[in-house]
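Dear colleague,

Please find below the structure that I am handing over to you.

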Amino acid sequence: MTLPLNINGKDFDISARPTDTLLAALRSAGFFSVRFGSHDGQTGAAAVLVDGQLVNSDVMLAGQAVGHKIETVEGLNPGVNELHPIQKAFVETGAIQSGYSTPAMILAAKALLAQEPNPIEAEVREAFSGILCRETGYVKPVQAVLRAAAYLRGEEVPPYDGPPIIDATFFVENPTAPDEDAGPELTGGESGVQTETKPKTDILLTSGVPETAVVGKPETKVDAVKLTKGNPAFVDDIDLRGMLYAKLLTSPHAHARILDIDASEAEALPGVHAVIHYKNVKRIKYASGGQSYPNPPPHDQVSFDNKVRYVGDRVAAVAAESEAIAEAALKLIKVEYKILTAVFDENEAIKPGAPIIHDEDDTEEIHDASRNIVHHIQAEVGDVEQGFAEADHVFEHSYYVHQVQQTPIEPHIAISWWDSDERLVIRTSTQVPFHVRRMVAPLLDLPVRRIRVIKPRIGGGFGVKQEMLIEDIVGHLTIATGRPVRLELTRSEEFRSSRTAIRKASPGKRVSWRTARCTRCR
Ligand code: FES
């Protein structure tokens with residue numbers, strides 16, 4: 001269907017499916033400032049103005065916007081190299097980190113200032129309350145809005161000189177200072193008035209803050225204009241002809257062997273171009289983490305395995321003309337599982353008789369697969385046995401790290417295609433482009449020189465994107481179909497399937513320490 005939408009004061013006819021969200025419709029029309037964060041509006045990254053009200057376009061159907069005035073940040077852009085006062089204030093105050101949530105924040109500010117031209121800080125914070133920002137901490141965005149309000153009121157606004165610099169004058173212990181415990185020395189002074197002199201305990205190393213040209217001074221972010229204007233900047237901000245959409249079939253079981261997969265019905269579904277799984281993808285071992293070369297062992301993963309080891313583990317992937325067709329195809333894939341006993345506690349996992357998670361014979365260098373111990377690191381300093389023998393006290397303890405999910409607002413997303421030099425290009429939201437390139441090469445059976453990894457701006461990483469997570473999947477699908485392929489994880493897939501969060505702290509990682517403590521030598 002074609003929807004007549006009024007966007008930034010102009011009328012557009014946008015083709016959309018009845019189930020398409022306003023977010024999908026706007027992005028299909030090139031409004032890339034409107035960003036995906038989750039399917040339930042929780043991040044606020046897809047916020048737009050509808051009749052002046054801030055609305056999450058990822059929880060609004062495109063059809064519902066017909067007859068309403070939609071505003072995106074692109075509508076604020078006065079012209080090339082010109083900025084709207086709100087954008088100007090965001091640039092000046094440095095209120096932009098990844099920039100993924102910035103357009104939504106700018107629209108929230110616009111809606112607020114249209115109602116309240118002279119807001120107080122609390123009102124600004126309230127206006128931002130529906131927009132999750134993982135980096136700025138909201139301090140500078142709040143300053144930016146208060147500054148923009150002054151601009152819009154036509155006031156003289158002083159240059160922004162950044163947050164106050166704390167005078168970090170350094171004091172160091174003065175070894176010749178008299179003992180403080182001795183208390184202050186009383187001296188007569190000219191006035192004969194008993195005055196208390198502070199013992200000269202510290203030597204003043206520097207006084208005040210050295211004058212600097214750049215350090216400590218506000219510096220405009222190199223791509224601040226691009227980010228405040230919502231110009232294309234992130235992985236998904238491109239249009240590729242004939243792009244296919246991938247969806248992942250993941251495991252509903254915590255531990256199971258895949259006895260068989262039948263994807264014939266899914267492959268026959270109109271619009272489906274490929275279905276990949278352990279039966280049609282080469283079994284090449286790798287380890288998805290590891291920022292060093294060669295990749296640290298154990299190499300206990302393959303792109304698609306005939307065993308699943310956690311709920312959310314990969315089972316198959318589909319590439320189709322649309323996400324909706326890909327999702328429909330997932331439901332047609334028949335998987336025969338043999339459910340195995342799962343283990344959810346690390347102490348149970350190392351006990352004799354516990355289910356063995358990695359019982360395959362082609363995994364190299366697991367410390368003790370029979371006890372599910374992937375790594376054993378022994379660190380000793382000095383003659384430990386002698387230390388223990390002489391120690392007054394020996395402390396032994398186990399430390400647990402709980403599961404983490406770094407939750408960048410931009411989920412994992414990767415797009416791959418063949419370029420005109422017939423190199424495989426992978427444009428991905430990663431923190432480790434060079435590792436990704438050398439890790440996917442053997443999995444895709446391509447020499448590294450025939451793979452180009454593009455890492456544009458990312459909407460937050462925090463370590464969860466320091467792993468080759470989905471790039472091999474889009475690579476396999478582009479090789480299988482010859483077409484560009486896009487895969488974006490949903491928020492729940494981020495929580496369930498981003499191995500970094502799972503591997504790093506699968507059900508409680510135990511680290512045991514024994515330290516000798518001697519009261520004499522500390
Ligand atoms: S600047 Fe807000 S999510 Fe990055």
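Helices and strands are here DSSP runs, numbered from the N terminus; a helix has at least four residues and a strand at least two. Thr-478, for instance, has its place in helix H12, which covers residues 471-481. Please bear in mind throughout that this is a predicted model.

The chain as a whole

The protein chain comprises 14 helices and 21 strands. Of its 522 residues, 45% count as buried. Among contacts between residues at least 6 apart in sequence, 73% join residues that are at least 24 apart.

Helix H12 and Thr-478

Helix H12 is mostly covered, since nine of its 11 residues are buried. Among them are Glu-471, Asp-472, His-476 and Thr-481. Is Thr-478 buried or exposed? Residues count as buried under 20% relative accessible area. The relative accessible area of Thr-478 is 0%, so Thr-478 is buried.

Which residues does Thr-478 contact, leaving aside its neighbours within four places in sequence? They are Ser-416, Trp-417, Trp-418, Leu-424, Arg-483, Pro-484 and Val-485. After H12 comes Gly-482, which has a positive phi, near 75°.

The loop residue Asp-236

Asp-236 is found in the loop between helix H6 (224-228) and strand E10. With a relative accessible area of 14%, Asp-236 falls under the 20% limit and is therefore buried. Not counting residues up to four places away in sequence, Asp-236 touches Arg-27, Phe-32, Ile-413, Ile-415, Arg-486 and Glu-488.

A five-stranded sheet

Five strands make up an open sheet with mixed pairing, in the order E2-E1-E5-E3-E4. Strand E2 (10-15) and strand E4 (53-56) stand at the edges; each has a single partner strand, so one side of each is left without a neighbour in the sheet. From one strand to the next, the twist averages 45°.

Within this sheet, strand E1 (residues 2-7) pairs with strand E5 (residues 69-71) in the parallel sense, over two bridges. Ile-7 stands opposite Ile-70 in E5. Which helix lies across strands E3, E4 and E5? It is helix H3 (residues 102-115), which runs at about 30° to E3 (47-50).

The second largest pocket

The second largest pocket has a volume of about 1000 Å³. Its lining consists of 32 residues, and those nearest its centre are Arg-17, Asp-20, Ala-24, Tyr-245 and Glu-323. By type, the lining divides into 12 nonpolar, eight polar and 12 charged residues.

Which elements each supply at least two residues of this lining? They are helix H1 (22-28), strand E10 (244-250), helix H8 (323-330) and strand E20 (485-488). The largest share, five residues, comes from H1.

Yours sincerely,
A colleague

Note on methods: Residues are numbered from 1 along each chain as its sequence is written. This is a predicted model: local features need pLDDT of at least 70, side-chain atom pairs count only at pLDDT 80 or more; totals for chains, interfaces and linings use all residues. Side-chain values use heavy atoms; hydrogens and water are left out. Two strands pair if DSSP finds at least two bridges between them. Axes are lines fitted to C-alpha atoms, for helices over the stretch in contact, and angles run from 0 to 180 degrees between N-to-C directions. Contact means heavy atoms within 4.5 Å. On a 1 Å grid over the protein atoms alone, a cavity is a set of points where a 1.4 Å probe fits but cannot get out, and a pocket is an open set with protein on both sides within 12 Å along at least five of seven lines; lining residues have an atom within 4 Å of a point. Grid points are joined across faces, edges and corners, and a volume is the space filled by probe spheres set on the points. Ala, Val, Leu, Ile, Met, Phe, Trp, Tyr, Cys and Pro count as nonpolar, Asp, Glu, Lys and Arg as charged, and the others, Gly among them, as polar. Buried means under 20% relative accessible area, exposed over 50%, partly exposed in between (1.4 Å probe, protein chains only).
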